[in-house]
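User: Hi, could you walk me through this model with a few questions and answers?

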Amino acid sequence: MGLLIEVAPGFYNARGKWKAGGVLEFGTQMSIVKLDSGMFIVIDSIEVSVELKNEIDMLTAYGSKIEAVMGVHPFHTMHFDAFYRLYPNALYIGTPRHLRIVRSVPWTGDFTNCKWRNFWSPEIEMRIPEGSEFEFPVPERTNHFSSVFFYHRASRTLHVDDTIMYFETLPLIVRLIYSKNSMVFHLSIKGPGLLHTPEAPMQFRDWLMAIIADWDFDNMCTAHTGNKIGGAKDMLLKLVTSSEKMFKKLSKMKTKPYDPEKYKDEFSLENNECG
C-alpha cells in the first residue's frame, strides 16, 4: 500500500491536507483499524483520492467490512459527507458537534453516550479528556483542544487529534517555535482549551496520567502533524511531567467559572473546521 501506512499490524493511517489559516500546511489524518472479527473501524475522515479509495477498497472488500466510521474530534468534520457517500453502510458515530454540523450523515450516536465508547471494549478503548469542554467547545475559532482518545490494544497504537500534537515535519515558520520530533499540547491549553476552574488543569493532568498507566501504547498517530512510531508512551509521560509548572500556573489563572452564555452565538459555526 502507498497512502495507507501500516503503523503496526492491524492499524493503518493516512495523512490528509489541511492548512491553518489557509496558508500553513499542518495536515490531518484518518486511521483504519482491523478488529479481531476481520471487520474494520475508520477513525476520522480525509479527502479520499482515487488512489486512496482503491487502497481502502482492497483492505475492506470495497467497504463491505467497514463496521463503523467515527468522528472523534468536534472540528474534524469537513470530509464526512463525502466519505458517507462512498461508504454508506457502516455505523456512523461522532461528537455532538458532528451531529449538529454534518446533517447529511445519518449518525447512529455520539460519544457522550458511554455505550459507544465501550462498544468494542476491551479490544478498543476510548476516553474523553477530563477538565475540558467536549460537547460545546467555545469559542469555536480557537478551542479545538478536546477529542476522543482512541486506543487499539492489539497494535499498541493511540489515535489522537488536536489535544496532543507530534511534529514529525514542520512548516518553516513553525520551526521558530517547535523543533522536529517534538510532542506538545495544543496551544489552546493555555487559552480556552481547559475549563475555567482551578481544578481543570489538574483534572486533565491526572486523566492523562491514568491513560499512561492503563494503556500500553507504543505508537501515537496525531492529526497535526505526524505519527510517533515507537516510544510514544515515554514521550507523552515526559511531556506531562515536564508541564507540571504550567498546570499549576493555569490552576491559579482559571478562577472564573465557565460561562457558555458568553459564547452562545459561536456554537456550530461551519468556518472553524480543522480537518
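User: Is Cys 114 buried, partly exposed or exposed, and what is its relative accessible area?

Analyst: Quick background: this is a predicted model, where local features need pLDDT of at least 70, side-chain atom pairs count only at pLDDT 80 or more, and totals for chains, interfaces and linings use all residues. Residues are numbered from 1 along each chain as its sequence is written, and side-chain values use heavy atoms, with hydrogens and water left out. Buried means under 20% relative accessible area, exposed means over 50%, and partly exposed is in between (1.4 Å probe, protein chains only). Cys 114 therefore counts as partly exposed, at 42%.

User: And Cys 221, buried or exposed?

Analyst: Its relative accessibility comes out at 0%. So Cys 221 is buried.

User: How many disulfides does the structure hold?

Analyst: A disulfide is a covalent bond between the sulfur atoms of two cysteines. Here, a pair of cysteine sulfur atoms has to be within 2.5 Å to count. The number for this structure is 0.

User: Which residues does the cis peptide bond with omega of about 5° join?

Analyst: Look in the loop between α4 (114-117) and β10 (124-127), where Pro 122 lies. Those labels are DSSP runs numbered from the N terminus: helices (H or I) have at least four residues and strands (E) at least two. The cis bond joins Ser 121 and Pro 122.

User: In which loop is Tyr 62 found?

Analyst: Tyr 62 is not a glycine, yet its phi is positive, about 60°. It counts as exposed, with 70% relative accessibility. Ala 61, with a positive phi near 55°, is partly exposed at 32%. Tyr 62 is found in the loop between α1 and β7.

User: Are α5 and α6 roughly parallel or antiparallel?

Analyst: The axes of α5 (residues 200-214) and α6 (residues 232-242) come within 10 Å and cross at roughly 160°. Axes are lines fitted to C-alpha atoms, for helices over the stretch in contact, and angles run from 0 to 180 degrees between N-to-C directions. Under 35 degrees counts as roughly parallel, over 145 as roughly antiparallel, 65 to 115 as roughly perpendicular and the rest as oblique. That makes α5 and α6 roughly antiparallel.

User: Which residues in α6 meet α5?

Analyst: Contact means heavy atoms within 4.5 Å. From α5 come Arg 205, Leu 208, Met 209 and Ile 212. On the α6 side they meet Lys 233, Leu 236, Leu 237 and Val 240.
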